[in-house]
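Trainee: Could you take me through one part of this model in detail? I'd like a close look at how the aromatic rings pair up.

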Amino acid sequence: MVNKMNPNKFMLGKKIGMTQLMDDEGVVSPVTVIEVNTNTILTIKTKEADGYSAVVVGYGDVAEKRLNKPKVGQFKLWNAKPVKVIKEFRVSEDHGFEKGQTIDVSVFEKDQKVSVKGRTIGKGFAGTVKRWNFACGPMTHGSKSHRITGSIGAGTTPGRVLRGKKMPGHMGDKNRTIKNLVVVGNNVEKGLLYVKGAVPGKKGNLIEVTST
């Protein structure tokens, strides 16, 4: 989704972890540290040629021998250095970006609100009590329904399990976006961005930051 107010602020980074920062008034805030080493614009898509305006951003270094032939050919077509992650961002027609341009953490200012997207931590296979916060059954001696799912529908009508029923299954490992997080500060020299609050994913996960 394109941000109509300012769609031209974005970057890819890696979650380092959490810490705390103190402002000038002595207020301590929990922050997530996002590391941004390389954000390079690989190519630019235009409305005349592609039907919409967008930029393709590359993040992270990777050896060419680790890529398959289609990806190697794509980078040669773009005349760009191979990267680990490729992401496309929609931008306005008057974005002002150029091919080969590098994006760093200075694009986000202090107190600016951003949306942070990441992949949540995988929890493996989980039952309904853990996954959906179902209540437990009787815990007394003789009960055989401590943490079981229970009834999942009538046998005759409709004679099937309705779509969307909360059931046991794989928990976590899904894309999640946290909106309206506040940028506390940045360190351009080290390529670090400090965002107030927690963001999805574990340490080392790919993080996508866009302006809101």
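This is a predicted model: local features need pLDDT of at least 70, side-chain atom pairs count only at pLDDT 80 or more; totals for chains, interfaces and linings use all residues.

Mentor: The structure holds three aromatic pairs. Let's start with Phe-10 and Phe-89, whose rings are stacked, with 4.5 Å from centre to centre and 10° between the planes. Phe-10 belongs to strand S1 (residues 10-22) and Phe-89 to strand S5 (residues 83-90), so this pair ties together parts that sit 79 residues apart in sequence. Both Phe-10 and Phe-89 are buried.

Now for a pair with another geometry: Phe-75 and Trp-78 have ring centres 6.1 Å apart and planes at 80°, and since planes over 60 degrees apart count as edge-to-face, that's what this pair is. You'll find both residues in helix H2, three residues apart, so about one helical turn separates them. Phe-75 is buried, at 3% relative accessible area. Trp-78 has 15% relative accessibility, and it counts as buried because the cut-off is under 20%.

Back to Phe-10 and Phe-89 for a moment: ring pairs link them with Phe-97 into a cluster.

One more ring deserves a look, this time with a charged partner. Arg-90 lies over the face of Tyr-52, 4.2 Å from the ring centre.

Definitions and conventions: Residues are numbered from 1 along each chain as its sequence is written. Side-chain values use heavy atoms; hydrogens and water are left out. Rings of Phe, Tyr and Trp (its six-membered ring) pair if their centres lie within 6.5 Å; planes under 30 degrees apart count as stacked, over 60 as edge-to-face and the rest as tilted. Helices (H or I, at least four residues) and strands (E, at least two) are DSSP runs, numbered from the N terminus. Buried means under 20% relative accessible area, exposed over 50%, partly exposed in between (1.4 Å probe, protein chains only). A charge sits over a ring if NZ of Lys or CZ of Arg is within 6 Å of the ring centre and within 35 degrees of the ring normal.
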